[in-house]
Amino acid sequence: MGKKLDGKKIAEKYREDIKILINNKLNLGYNPPCLANILVGNDGGSVYYVNNQNKLCEKLGIKVKSIHLEENVSQAELLEIIEKLNEDVEVQGIILQLPLPKHINEDYVTEKISYEKDIDGLSTISTGKFYKGEKCFIPCTPKGIIELIKSSNIELEGKNAVVIGRSNIVGKPIAQLLLNENATVTICHSKTKDLKKICNKADILVAAIGKPGFVTADYVKENAVVIDVGTTMIDGKIQGDVIYNEVIEKAAFVTPVPGGVGAMTTTMLLKNLCEGLK
Ligand code: NAP
């Protein structure tokens with residue numbers, strides 16, 4: 001029987017550090033940090049994520065400008081809001097919750113967030129710097145996964161890591177961060193052949209698919225570390241990609257959903273906001 005990789009508990013330690021950082025800045029006469037988050041429509045996972053952000057900001061003393069737009073908002077209106085937030089001197093970080101409705105060009109709009117406020121590191125400039133190993137905001141979910149693994153004293157160097165999913169927001173950047181830690185990385189996707197066989201070789205298995213219950217115990221090698229990134233809202237309940245109860249019988253560590261990666265993601269977002277570009 002493996003252990004739960006408790007993102008909630010580990011995130012708590014990072015939150016204490018963020019609080020100290022904010023207090024130090026306030027004592028020096030700075031204003032509290034300010035986050036702007038934009039949500040378009042009512043995607044279940046996104047609403048859940050933004051609500052968590054807002055609650056956590058309140059807890060840590062971070063100011064939030066939370067903008068919730070109708071599903072049918074035009075691209076031009078959204079761009080105007082982003083432009084205003086770029087110019088707003090009070091705002092240090094902007095997060096545009098993805099996915100956006102189909103009529104909005106996600107890549108085009110994301111690009112309009114100023115690089116200095118792009119705390120989720122999704123713009124082309126941030127992405128270029130990230131893959132070149134230059135100073136930039138590291139995308140929050142992958143950053144949270146690495147911090148979760150490292151603070152649990154799990155060794156990555158020389159390990160076989162398999163990532164299921166190749167999105168720009170999770171799959172590709174987590175693969176890069178695992179590579180930076182000297183793991184040997186395989187990226188899988190919907191066209192991968194013999195997926196189960198590949199996963200069975202993974203010391204570290206990251207599931208970022210968005211298909212609840214996809215990863216069963218027979219995908220998992222004995223004593224593997226299994227990271228469940230999936231968050232799909234079903235009947236008001238958040239569901240991961242991994243069947244936790246089954247997989248924990250075989251793996252060494254598994255992240256639960258909720259209380260795993262998601263808890264770390266929000267915390268990393270606020271860490272990026274408060275630390276600025278390092
Ligand atoms: P995405 O853009 O939809 O990517 C999903 C990936 O899964 C794609 O690369 C897709 O392959 C792959 N895939 C789909 N079906 C597959 C199959 N049968 N076998 C192998 N691969 C398959 O999703 P995303 O944005 O990366 O997010 C993934 C999940 O993580 C979602 O549930 C999302 O809500 C969640 N998420 C959670 C957090 C958090 O903080 N916890 C943050 C971000 C996202 P193709 O490329 O071939 O289509």
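## A parallel sheet and a ligand shell

Strands β5 (residues 160-164) and β6 (residues 184-188) run parallel and are joined by five bridges. Two strands count as paired here if DSSP finds at least two bridges between them, and the helices (H or I, at least four residues) and strands (E, at least two) are DSSP runs numbered from the N terminus. Within this pair, N160 sits opposite T184 of β6.

A word on what you're looking at: this is a predicted model, where local features need pLDDT of at least 70 and side-chain atom pairs count only at pLDDT 80 or more, while totals for chains, interfaces and linings use all residues. Residues are numbered from 1 along each chain as its sequence is written, and side-chain values use heavy atoms, with hydrogens and water left out.

Back to the strands. Together with helix α7 (residues 171-180), β5 and β6 build a right-handed β-α-β unit; right-handed says that, with the strands pointing away from the viewer, the path from the first strand over the helix to the second runs clockwise.

Zooming out, the protein has ten helices and eleven strands. Its radius of gyration is 19 Å, close to the 19 Å that the globule rule gives for 278 residues, so the protein is as compact as a globular protein of that length. That radius is taken over C-alpha atoms, and the rule is 2.2 Å times the number of residues to the power 0.38. Along the principal axes, the C-alpha atoms fill a box of roughly 50 × 45 × 40 Å.

Now for the ligand. There are 22 residues around it, and R166, S167, S190, T231 and T265 come nearest; a residue counts as near if one of its heavy atoms lies within 4 Å. The shell splits into nine nonpolar, eleven polar and two charged residues, with Ala, Val, Leu, Ile, Met, Phe, Trp, Tyr, Cys and Pro taken as nonpolar, Asp, Glu, Lys and Arg as charged, and the others, Gly among them, as polar. Helix α10 (residues 261-275) supplies the largest share of the shell, three residues.

Here are some distances to the ligand:

| Protein atom | Ligand atom | Distance |
|---|---|---|
| R166, polar side-chain atom | oxygen | 2.7 Å |
| T231, side-chain N or O atom | oxygen | 2.9 Å |
| H189, backbone N or O atom | nitrogen | 3.5 Å |

The protein covers 72% of the 920 Å² of accessible area that the ligand has on its own, as found by the Shrake-Rupley method with a 1.4 Å probe.

Most residues other than glycine have a negative phi, and most peptide bonds are trans. L98 and P99 are joined by a cis peptide bond, with omega about 5°, and P99 lies in the loop between β4 (93-96) and α4 (106-111). Another cis bond links V257 and P258, with omega about 0°; P258 is in the loop between β11 (253-254) and α10. D194, in the loop between β6 and α8 (195-199), has a positive phi near 55°.

Conventions:
A polar contact is a pair of N or O atoms within 3.5 Å; within protein, one must be able to donate a hydrogen and the other to accept it, and residues adjacent in sequence count only if both atoms are side-chain atoms.
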